[in-house]
Amino acid sequence: MKKQFEPAALENRDVYKLMSGLIVPRPIGWIGTRRPDGTNNLAPYSFFNMVAAEPAAVMFAAGRRSGELKDSAAYAEESGEFSVNIVSEEVAEAMNATAQSYPGGVDEFEMCGLTTWYGTATKAPMVAEAPANFECRVMHAFDLGGETGPRIVFGEVVAIHVREDIVDGTRIDHDALAAVGRMAGNEYVPTTDRFELIRPTQ
């Protein structure tokens, strides 16, 4: 037996609980953007993923707070750029610290003790302590569900930076990467405990 739920008949918070509890683990897009005044912004999004490899593309979905679009999406669109910083076990606490709502104009990099650095393809700020970073240019952005729904931002990956000890050619050592995934509520999960399945051939 399975229990059936119809999202249209539920409160939004209950739909969120069901979906975020079942669609796990989710990768975390730690999104870096630059404000119009030149200060930096950093926040994590677990509604994030790789979209394609050709063209290289990622997406993240930013909700609204009191009807206002969250900063990451607004600043990404305004500047046309953003970074994605991979969250490892080593920086998980700092990532969590950047999830809180700071007053406008606060630089989350400085507030949370992170080092800001810049790549060669964009001016989007990146987290130096993260094991890998993506420089992205905004490709498309649209509201899902009208002006009250989340803003979906698609970015073309124009440069990838990977710490040398976790990459061999283009193959990633996942034990060294030690990426973290998002579960529901306050729970996260490491990616160092894995199993292998060989894809069947015809």
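**Note on the sheets, pockets and salt bridges**

1. Strand β2, residues 29–34, pairs with β3 in the antiparallel sense, and the pairing runs over six bridges. Within this pair, G32 stands opposite L42 of β3. The model under discussion is a predicted one. As background, strands of a sheet pair through backbone hydrogen bonds, and the pairing may be parallel or antiparallel.

2. The β2 and β3 strands belong to an open sheet of seven strands, and its order reads β3-β2-β8-β11-β12-β5-β4. The pairing in this sheet is antiparallel. Strand β3 (40–45) and strand β4 are the edge strands, each pairing on one side only. From one strand to the next, the twist averages 30°.

3. Helix α2, made of residues 71–79, packs on this sheet. The helix touches β2, β3, β5, β8 (81–86), β11 and β12. The direction of helix α2 makes about 50° with that of β2. A student can follow this in the model by finding β2 and then looking for α2 against the sheet.

4. At the β4 end of the order, β4 and β5 pair in the antiparallel sense over five bridges. Here N49 stands opposite M59 in β5. A hairpin of two residues joins β4 to β5. In general, the side chains of a regular strand alternate between the two faces of the sheet.

5. E77 is in helix α2 and R151 is in strand β12, so defined as DSSP runs. The two residues are 74 apart, and the pair links distant parts of the chain. The count of salt bridges comes to six. In general terms, side chains of opposite charge can pair when their charged atoms come close.

6. Another open sheet has three strands in the order β1-β15-β16, with antiparallel pairing. Its edge strands, β1 and β16 (188–190), each pair on one side only. β1 and β15 pair in the antiparallel sense over two bridges. In that pair, P27 stands opposite G181 in β15.

7. How much space lies in the largest pocket? The volume is about 1,400 Å³. This pocket is lined by 46 residues, and those nearest its centre are Y45, F47, A61, G63 and K70. Helix α1 (residues 12–22) gives the most to the lining, with six residues. By class, the lining has 23 nonpolar, 14 polar and nine charged residues.

8. The second largest pocket holds about 770 Å³ of space. Of its 28 lining residues, P27, F48, I86, F134 and L177 are the closest to its centre. Elements that give two or more residues to the lining include β1 (26–27), β11 (132–143), α5 (174–177) and β15 (180–182). Strand β4 gives the largest share, five residues. The lining divides into 22 nonpolar, four polar and two charged residues.

9. Some residues and strands come up under more than one point. P27 stands opposite G181 in β15, and P27 is also among the residues closest to the centre of the second largest pocket. Strand β4 is an edge strand of the seven-stranded sheet, and β4 gives five residues to the lining of the second largest pocket.

How values were computed: Residues numbered from 1 in each chain as written. Predicted model: local features only at pLDDT ≥ 70, side-chain atom pairs only at ≥ 80, totals over all residues. Heavy atoms only, no water. 1 Å grid on protein atoms, 1.4 Å probe; cavity = no way out; pocket = protein on both sides within 12 Å on 5 of 7 lines; lining within 4 Å. Points joined across faces, edges and corners; volume = space filled by probe spheres on them. Helix = DSSP H or I, 4+ residues; strand = E, 2+ residues; numbered from the N terminus. Nonpolar A, V, L, I, M, F, W, Y, C, P; charged D, E, K, R; others polar. Pairing = 2+ DSSP bridges. Axes fitted to C-alpha atoms, helices over the stretch in contact; angles between N-to-C directions. Contact = heavy atoms within 4.5 Å. Salt bridge = Lys/Arg side-chain N within 4 Å of Asp/Glu carboxyl O.
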